[in-house]
Amino acid sequence: MLNALRPALARVLNPAAQALARTPITPNAITIIGTIGMSAGALALFPTGELFAGTMVCTFFVLCDMLDGALARVKGTSGPFGAFLDSTLDRVADASVFGGLTLWFMLGGKSHLMAGVALYCLVAGALVSYAKARAEGLGAKADVGIAERTERLLIGLTAAGLCGLGVPYVLPIGLWILAAASTVTFGQRVLAVRRELNARG
């Protein structure tokens with residue numbers, strides 16, 4: 001859904017990528033740093049109830065992580081391993097965010113129901129990404145869906161940040177919406193792959 005914003009983001013990130021291209025920093029290093037920073041922020045701050053601070057840390061490293069692709073294009077070092085590393089570590093970062101929220105609901109949030117919803121969001125998000133990867137392994141495409149990774153992080157982090165600022169009910173509402181949207185997206189991708197593979201005969 002937010003793919004239309006990618007050209008605008010590219011224009012914003014390109015100057016930073018141009019500057020980083022003059023340093024020894026590699027795109028893979030940025031990918032790893034972004035994942036470590038995001039995971040550390042989510043797992044250290046969310047379980048202790050520091051939801052706004054955790055959101056700010058995660059958002060910063062999400063933006064940093066977006067630089068890896070731009071830097072790879074500027075340096076001309078784009079390759080299969082970089083794409084593999086980026087996709088794989090994205091799953092680690094996502095799991096840290098929703099794992100951290102699950103722990104918060106189990107501890108300070110004191111809601112086993114919402115802990116289960118947050119955990120479901122973690123699993124459903126992984127399934128959405130896996131469906132696309134498995135489809136590509138079969139030579140099919142699974143780019144459809146109302147909630148890709150960008151949308152999932154936007155909903156999850158925005159809800160967590162607003163909750164940290166004291167807005168009532170926003171985090172449960174956001175997670176329920178995210179759980180439903182992730183389920184729909186998974187179904188959309190399964191059906192899209194089924195249609196494509198059946199069309200091949």
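What is the volume of the largest cavity? In this predicted model, in which local features need pLDDT of at least 70, side-chain atom pairs count only at pLDDT 80 or more, and totals for chains, interfaces and linings use all residues, the largest cavity has a volume of about 50 Å³. Residues are numbered from 1 along each chain as its sequence is written, and side-chain values use heavy atoms, with hydrogens and water left out.

A cavity is taken as a set of points, on a 1 Å grid over the protein atoms alone, where a 1.4 Å probe fits but cannot get out, its lining residues having an atom within 4 Å of a point; the volume is the space filled by probe spheres set on the points. The count comes to 1 cavity of 30 Å³ or more. Its lining consists of G34, T35, M38, F61, V62, D65, L89, D90, A93 and R149, which divide into 5 nonpolar, 2 polar and 3 charged residues. At least two lining residues are supplied by each of α2 (27-45), α3 (51-65) and α5 (80-106), helices being DSSP runs (H or I, at least four residues) numbered from the N terminus.

A search of the whole structure finds 0 disulfides, defined as pairs of cysteine sulfur atoms within 2.5 Å. The sulfur of C64 lies 12 Å from the closest cysteine sulfur, in C58, and is therefore too far away for a bond.

Methods:
1 Å grid on protein atoms, 1.4 Å probe; cavity = no way out; pocket = protein on both sides within 12 Å on 5 of 7 lines; lining within 4 Å. Nonpolar A, V, L, I, M, F, W, Y, C, P; charged D, E, K, R; others polar.
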